[in-house]
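Trainee: I would like to learn how to read an interface between two chains. Could we go through one together?

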Amino acid sequence: MQTGNPTEEEILKTVQLGTSRYLPSIDQYPGGLRALLQQLPADDREDFFIKCCASYFAYAEAGITFSISNEEPFMAPQESKSYASASFSSLLSLLGNQQEEKPLLYFLIQTLHASGQLAPPQQVPALLSMAIMEREPWRQRFLEVCGERGKWLASLNAEWSMLIRSESVSEEDWKTGTKEQRLRFIKQLREEKPDEALQLLLTAFNTEPAAMRSELLDVLSDTLRESDIPFLEQQLQDKSVKVRDTAYALLRMIPTSTLVKRYAENLSQGLEFSETRDLTLQKQKRIRIKSFELQDEEVFRSGLQKISSEKGKADHVYWMEQLCCWVPPEWWEQHSSWSLEEVVQSLRKEKETVGLAHAMVTAAVLFESKHAAVVLSKAFPGKFPDLFDLLTLHECFIQWRHADESNKRSVLVYLLQRDADIQLWPAELMQEVLAWLEKSPYSISIAEYGMLALRMPDHFYAYLQSKVQDTDMRRYERAYFATRATQMMSVMERKKQIQTISNL
Amino acid sequence: MITEDHVRQLAPDAASAKAGTALAVLSKWKGLAKHTEAIWGYCQGSGKDPYFTRVDVQQWAFQCTCPSRKFPCKHGIALILLWVRQPNQFSSQEMPSVVSEWIQKRRQKEQAPAEKNPTEKSKNTSDASTKRSEARERSVRDGILELRQWIADLMRTGMMHLPSQAGSFHENMAARLVDAKAPGLAAMMRQVGEVNVFEDRWPLQLSKHLSKIYLITESFLKEDQQSPLFRQEVRQLIGWNTSKEDVLTGEAHRDEWLVMARRMEEQQEMNAEYIWLYGRNKARMALVLNFYFGAQRPLHSLVPGMAINAELCYYSSLMPLRALIKEPYTPTSFFSPAGLSDLEDAAGQIAQQMAVFPFTNRIPLLLKEVQLIRIQKKWHVRDAGNRILPLCNDPEECWKVLAWSGGASMNALVLFIQGQWRLESVWNTSEIISCWT
């Protein structure tokens, strides 16, 4: 209904005020209709007005006129890849975004992606809506199976546009672009030409506002180098606390920085390494925390907490634990001439020093020390999932095997979520996992059972079948595991179906 | 003929489609078997005994021993999916007695309406029936007079006070029309209540609805001046039903019918199913309209893209559109219907139909080679002459169509509904895409 139409204005005025207060007129009605309405028999004023109204609206509907639009049509670019088969697309449309269906959906997307095929175009909007909820690498995979059409649609829809945000930025963006574009430019330059990026930062840094200075520093975190130390140390004098904190955090990540050396020095002052022989004349290595006053103000300025926040923990022990978090694990070997295994073993002996071993986990992650991760995960199987990223899949499996009951679940869930690509697990490990789940079937969720099934070698189908058939329904655990076995068999079949279709 | 996509659309809801897919694995089934008329199998559920599921593959009818009130149930969906994907897993067998009896009953039922008719007619001529229809006539007339007075009073006093009673001012009148046995008018009154009184120029929308209702009642009160067909159309709008048996005894139109679109709309406490069909040889549209309460089973298992060789009987009308499918029907191959390439011609068709019966509320139009375009975030269909018509679809439906068409020309089924345009489906030479679902 268009505005500004005189007939409609007249009707509007009449129905708002009412015929008791406003005498409706047909003078504004279209000519042909007006002539007919003048001969219209009516009982009263209202009867006449309502009939006029109805006639006008029917008249308007029957005489539709169209606007003209010369707007350029938006045409999708051509696809270079082929579309998946009808069976594939039908499967895709049936797998929703629900948690239980997610593993199979991921597998389907992974298979589509690997086969270089595209989802049918009518399913692209639904996939784009899912993609914006995903993290990398899945977001990119969802987008890729949507093909050129997906990118084209994303460019037209504000909700999806985040998926195709242009990655390429130029020097012009650094000068005149938005904050986001400038940060992207410096990050890109840093990856391609690290020295040039540092030079650019050196020249422009002081003219930037504090918040931007802090974010510019943060850009360096993924590509830190020894040559960055002078620049970062310079920023420790910045008037902004936020910039100083960021500079300290970055310096803490460089093992050769003066700050890390200072931490190591203070750590060595607070520790005592000793070696004695016990009654069996075997050497006993011992590490003790000395009671001492930490005088180094620079260490406190860099973020070390002065007062212990843990009940019953003395301040000096608390300092040592914090320092231990920021010193490379390799320092212990160099400082004591003991192996890291011996250091960790010694730390575990005393109640007071076990916290240092736990703190070493943080250091292993911070300095990405694979050796420390292996040693620490052997000492505390399954206890520190943060370490798993530094271990191989096989080493993680060993972790699962040796973890106590309370940690087994978290290690298994980590393993299920660890790799974006769904790959088969070694049969031996899978057998152990299933044997454990048979005893503790409630340990993982239904969706996690689905994820497990996708990683199962084919011959486990028969094993699952035997569990379904051989069920003592009187025992809840066994009955529940049998149900989950059925679910896993179903997932395996659907996985096979996806693989078969993708090979057609 | 049936595809996995068709099966997905046969499911009563998304949850059933998903559950059915999960069950469409061989490990869940035993005794899978097929016959030219049916397929069947046993599915292990959570209970001790497996469910026995059977499907009539000629009519797409389902039966299962599970307690689900959904139709088809997940077992039915799973069984067809398995059959579509892995037909060689079904052994060819003679139908067991339980399946053959069920199929036989279905076939008998399909023939039943024609036989039932004479008794129905004799019922209608009985005295009691005459008395009942006279009483209803009086009741409807009284209700209509009251409605006209209500509309006239509203016009007299003006509508300024209505926003304070938004959503409820019409309820009493709608209820009185139900009591007066004029359910069609009551439904129209409920639509009046759906006008958003917080939108700009809402009184125009409201007066459009009310004046149309008023004119329908005027036509009823002066029906002796109308042609019999016009009278019948008005009476149908008010709420008089034509029995299905009467329709099915009318002229049957055999053709290859393509399912162009299917949409479920919630109307009060029931669901209305609109199935739009296009007849290949006679080049005409038909609307199969079904109403379902709660979990009632859909009458047909027809989804867009399916084509059937069937006889349709139209309800008698000035412009026959609503029809019933005479069973049995057989599946046939997909074809691509032709349409109008000029929107002016489409407007001409609407004017023609409105001139014959001004209260027509759904007019289907087949358009050829139109584009879907977006102007200032609003969706339109544009013809080759750059004429545009604005669409009232949900944006999700338009994005789906744009994704499919890629902005290129396509054929479209558009509905003209009370002054608005709604895209129902689009197609090319090989497939049809429904906007709904």
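Mentor: Contact means heavy atoms within 4.5 Å, and by that rule 62 residues of chain A are in contact with 66 residues of chain B. This is a predicted model, in which local features need pLDDT of at least 70 and side-chain atom pairs count only at pLDDT 80 or more, while totals for chains, interfaces and linings use all residues. Residues are numbered from 1 along each chain as its sequence is written, chains are lettered from A in the order in which they are written, and side-chain values use heavy atoms, with hydrogens and water left out.

Trainee: How much area do chain A and chain B bury between them?

Mentor: Buried area is the accessible area (1.4 Å probe) that two parts lose on being put together, summed over both; here chain A and chain B bury about 5400 Å², 63% of it on carbon and sulfur atoms.

Trainee: How many salt bridges are there between chain A and chain B?

Mentor: A salt bridge is a side-chain nitrogen of Lys or Arg within 4 Å of a carboxyl oxygen of Asp or Glu, and the count between chain A and chain B is 6. Glu9(A) and Arg201(B) form a salt bridge through their side chains, at 2.9 Å from N to O.

Trainee: Which element gives the most to the side of chain A that touches chain B?

Mentor: Helices (H or I, at least four residues) and strands (E, at least two) are DSSP runs, numbered from the N terminus; α3(A) gives the most to that side, with 11 residues.
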